[in-house]
Amino acid sequence: MRVGSRFSQSWAKGRKWQRRAASLIYLLPLAFLALFYFYPLTEIFSLSLAPQGKLDLAPFRTIFTAPYYVRVLGFTTGQALLSTLLTLLAGMPAAYAFARYDFRGKSLLRALTTVPFVMPTMVVAAAFTALLGPKGHLNAWLVAALGLDSPPLHLQHTLALVLIAHVFYNATIVVRLVGGFWANLDPRVEEAARVLGAGRWQTFREVTLPILLPSIIAASLLVFLFCFTSFGVILVLGGPQLTTIEVEIYYQAVPLFHLPLAAALSIGQMAFTFAIMAVYTRMQAQAAVPLNLRPIQATQRRLPSLRRGSLRSHSPRPCPLTLPRHTGTARSGQAGQVERGGQVWRAHLTVWGSVGGLLVLLLAPLLALIDHSFSLEGTYTLRYYKALFTNPLQSYFYVPPAEAIRNSLLVAGATVALSLVIGLISAHLLTGPSDPLKTILDPLFMLPLGTSAVTLGFGYIIALDQPPLNLRASPLLLPLAHSLVAFPFVVRSLLPVLRGMNPHWREAAGILGASPPRVVREIDLPIVARALLVGAVFAFTVSMGEFGATLLIARPNFPTMPIVIYRLLGTQGALNQGQGLAMSTLLMIVCAVGFLLIERFRVGEIGEF
Amino acid sequence: MALLEVISVSKLFAGSPVLYDVSFHTDEGEIVCLLGPSGCGKTTLLRIVAGLETADRGRMSFDGHPLDNVPVHHRGFGLMFQDYALFPHKDVVANVAFGLRMQALPQLQVEARVAEMLTLVGLAGYEHRRVYDLSGGEQQRVALARSLAPGPRLLMLDEPLGSLDRALREELMNELRAILKRVGVTAIYVTHDQQEAFAVADRVIIMDRGHIVQQGTPRAVYRHPASPWVAHFLGLTNLIPARVVSLDPLQVETPLGRFTLQEAESVATGQQVTLLIRPEAAHLVAGYPDEGSVLVEGMVRECSFRGSHYRLLIQHEAGLDLVFKLIPNATHLPQPGEPVALALRSGAISLLVEEPR
């Protein structure tokens with residue numbers, strides 16, 4: 001009998017103390033949000049509403065009346081709408097193919113469609129320059145193929161290029177959100193419509209589409225939001241003529257230093273994005289309503305082989321491919337076989353046409369980027385990479401580009417540590433039985449995701465470089481900003497695992513003799529470890545690629561990789577451009593590896609939007 | 001000598017009581033079953049004994065030592081959860097070895113004990129299987145091995161067969177009792193299934209809405225339910241309001257007529273009581289009843305085949321529904337709408353001296 005009353009009393013006391021300490025720890029994420037999110041935002045508010053200390057709505061009047069700003073607002077909305085529409089068109093066929101067919105290499109191909117989403121904007125900008133720019137692959141190929149004198153495509157600084165880049169970025173949202181919902185949709189609902197006499201198109205219009213609609217709207221809203229606040233893509237690919245609100249905030253805040261105007265723009269944009277976010281969360285909740293959802297195994301057909309032998313074989317079971325079961329399979333003889341053969345071809349065309357087409361669109365720019373970073377006047381070379389480590393005399397940079405790699409790694413490391421601590425505490429705070437406080441905290445922790453990076457950086461500039469909190473020269477400023485963007489990802493990675501923790505596991509361990517610290521070591525940590533790793537990689541990748549906030553707050557002599565890429569791409573000269581592409585390739589590899597790690601280790605629904 | 005003693009334990013959840021003044025004990029080597037419908041507080045009581053919850057009032061002692069301030073990991077008890085709570089990141093061996101490792105036993109001893117336990121539950125050869133690849137019955141055995149491995153002086157089982165299908169449950173019920181008895185462990189077994197309780201327990205404690213309403217051997221509890229509620233919970237549904245009309249012989253007046261009872265009860269003339277008619281104690285008669293048995297007449301409303309017996313629902317002309325289990329034999333099977341006469345064996349009826357709730 002291991003009963004000791006002396007011990008038990010001290011244990012009871014210890015527990016009370018622990019509880020008090022635990023509630024103090026919970027204040028940490030709240031303090032973090034208050035200081036580094038809400039405080040900068042309120043500074044923006046006061047700056048725009050009362051620039052000289054008293055209420056002055058002139059900046060707001062300007063942005064809503066001056067023709068220039070009305071045009072900016074119109075362009076921002078228009079390009080976001082167009083981008084959303086195009087993204088839907090590009091993503092829906094692949095979403096269908098991924099949802100309804102099972103084929104070899106599917107999970108890999110699906111993962112590949114997500115790669116662009118994790119690419120830093122500067123990498124995407126560089127990749128499209130490499131593919132579609134004046135000296136890009138497509139132009140070079142067209143010149144060679146058609147025997148032209150000059151490159152036929154002039155996409156640099158056009159809306160078309162911006163739209164293509166946005167499709168590139170966001171197609172995976174449609175594939176994942178709509179496709180994920182579609183994959184669990186019971187095909188018997190559609191079959192019921194077919195049996196009742198609806199044609200293929202009628203079934204889609206009357207049954208499938210209405211059921212999918214919440215998820216389509218949710219995906220559209222998200223894509224719209226991302227395009228509406230797009231920054232790096234517009235800044236580099238759009239050039240000086242194309243300006244969104246986000247880019248305008250940057251111009252007003254940094255080169256022009258019209259802070260009240262920038263603040264007014266920030267607030268206008270924030271109000272708009274929060275409205276969209278609110279609609280999105282409602283739509284997502286609706287999309288999550290289980291409408292006859294079935295396990296994926298039950299909703300998918302195997303893509304049959306194209307070999308003739310398999311077409312001829314008479315299977316007693318209904319062919320898994322044929323959607324209209326009442327045609328074809330029941331029949332025998334020549335006609336039925338021909339029809340089946342045609343359907344097999346059609347299925348292959350559907351799958352490879354949609355998935356293959358999308359993948360070409362998504363991977364071509366990245367491959368072009370790699371290729372371009374190694375080629376100089378038709379031959380392969382490592383020159384650009386070597387040049388990253390030297391500081392040529394003509395350069396006006398403060399540091400050799402390679403130093404940016406070190407800076408990025410330092411910042412990313414600090415971001416990982418910071419966001420893991422904050423994220424772990426936040427996620428822990430959100431698990432357990434639900435109460436009113438948690439229903440407020442959950443969206444609160446997601447707020448930074450809906451705030452534009454440029455606004456955030458702008459807020460830091462005006463709030464954190466003056467007393468009471470002067471961090472202007474602090475090396476922590478960048479990791480703080482990056483952690484704010486990254487910790488919601490950490491929370492999302494951890495929540496499913498923490499929520500899936502069976503409380504009985506801990507209790508069972510306790511009954512079997514494990515002390516509370518031992519329970520943490522034996523049960524909690526090993527189970528949460530993978531999710532923590534995923535969160536860490538998310539934070540690392542986010543920090544490595546962060547551009548908008550960094551551009552505003554990074555000290556000139558402490559640039560990160562995306563900043564250096566931006567500077568290099570914006571500078572004339574083949575060597576500068578080449579170095580930019582080389583740096584982009586390195587950054588792309590880092591983010592792609594990070595993404596692969598996330599895909600490898602993620603558990604359940606982690607990382608969904 | 002009682003090993004575990006629970007004295008006047010009460011527990012509130014969010015202001016409403018889930019356990020009122022509960023007292024019971026277990027003897028060394030005894031299997032005690034806490035039986036009651038879901039929500040009666042039996043699992044809460046178990047968790048209080050385990051140390052996972054604390055009682056608001058009352059005290060507990062184990063082997064003469066007070067238990068109330070001993071933290072859960074120092075009690076040296078075992079608990080088998082309804083969902084087994086197997087550690088998902090550990091294989092079968094690591095699950096079973098966990099409690100032994102917590103005792104810091106040498107590796108060789110741990111291995112030997114784990115092997116012994118796996119043999120005991122019939123899982124030798126499953127050592128390095130992942131627990132999630134096991135069937136429900138296999139998981140149940142791993143959970144049992146895990147909770148028995150450290151040699152707990154008290155083993156608690158919370159609906160251990162609750163998530164298994166019927167056939168498997170039947171099989172494991174008997175095996176579980178055999179294993180517990182072979183090990184000789186003192187056990188508290190929580191279930192809502194009276195068949196399971198009767199098959200496994202030495203003693204049954206019946207609970208209703210936070211109260212202990214009856215304790216006793218399975219046989220005694222079934223023979224003499226303490227109240228109409230207990231009778232109803234045990235599946236004895238033929239409960240008829242009655243009034244004592246004479247004491248010697250003991251006779252009661254009911255809507256079905258007058259009944260004479262053999263067993264003596266401490267009642268007074270004119271007292272309202274409940275008459276219990278056991279469903280298995282009737283047979284169809286064609287004409288007059290045998291000497292010493294009672295006749296019940298009524299109209300057949302349902303007659304359904306249940307394998308080992310027929311379930312016959314009849315309605316008495318007084319409006320009472322009565323259920324009987326008939327052993328199928330060659331005689332004519334009554335059809336719905338047909339009038340029937342059933343003879344009740346002596347001892348098939350008893351009195352419950354408490355108002356129906």
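Q: How is the order of strands in the open sheet of chain B to be read?
A: Strands of a sheet pair through backbone hydrogen bonds, either parallel or antiparallel. In this predicted model, chain B has an open sheet of four strands in the order β2-β1-β4-β5, with antiparallel pairing. Two strands pair if DSSP finds at least two bridges between them; strands are DSSP runs of E of at least two residues, and helices are runs of H or I of at least four, numbered from the N terminus. The edge strands, β2 (16-27) and β5 (65-66) of chain B, each pair on one side only. Between β1 (residues 2-13) of chain B and β2(B) there are eight bridges in the antiparallel sense, and B:Val6 has B:Phe24 in β2(B) as its bridge partner.

Q: What conventions apply to the numbering and to confidence?
A: Residues are numbered from 1 along each chain as its sequence is written, while chains are lettered from A and ligands numbered from 1 in the order in which they are written. As the model is predicted, local features need pLDDT of at least 70 and side-chain atom pairs count only at pLDDT 80 or more, whereas totals for chains, interfaces and linings use all residues.

Q: How do α11(A) and α19(A) cross?
A: Two packed helices are described by the angle between their axes and the distance between the axes. Axes are lines fitted to C-alpha atoms, for helices over the stretch in contact, and angles run from 0 to 180 degrees between N-to-C directions. The axes of α11(A) and helix α19 (residues 453-463) of chain A come within 9 Å and cross at roughly 20 degrees. The two helices, α11(A) and α19(A), are therefore roughly parallel to each other (angles under 35 degrees count as such).

Q: Which residues of α11(A) and α19(A) meet?
A: Residues are in contact if their C-beta atoms, placed from the backbone, lie within 7 Å. A:Glu246, A:Ile249, A:Tyr250 and A:Ala253 of α11(A) meet A:Val454, A:Thr455, A:Phe458 and A:Ile461 of α19(A).

Q: How many residues join chain A to chain B?
A: Chain A contributes 25 residues in contact with 27 residues of chain B. On the chain A side, two or more residues come from each of α1 (5-49), α21 (503-511) and α22 (516-545), and the largest share, seven residues, comes from α21(A).

Definitions and conventions: Contact = placed C-beta atoms within 7 Å. Parallel < 35°, antiparallel > 145°, perpendicular 65-115°, else oblique.
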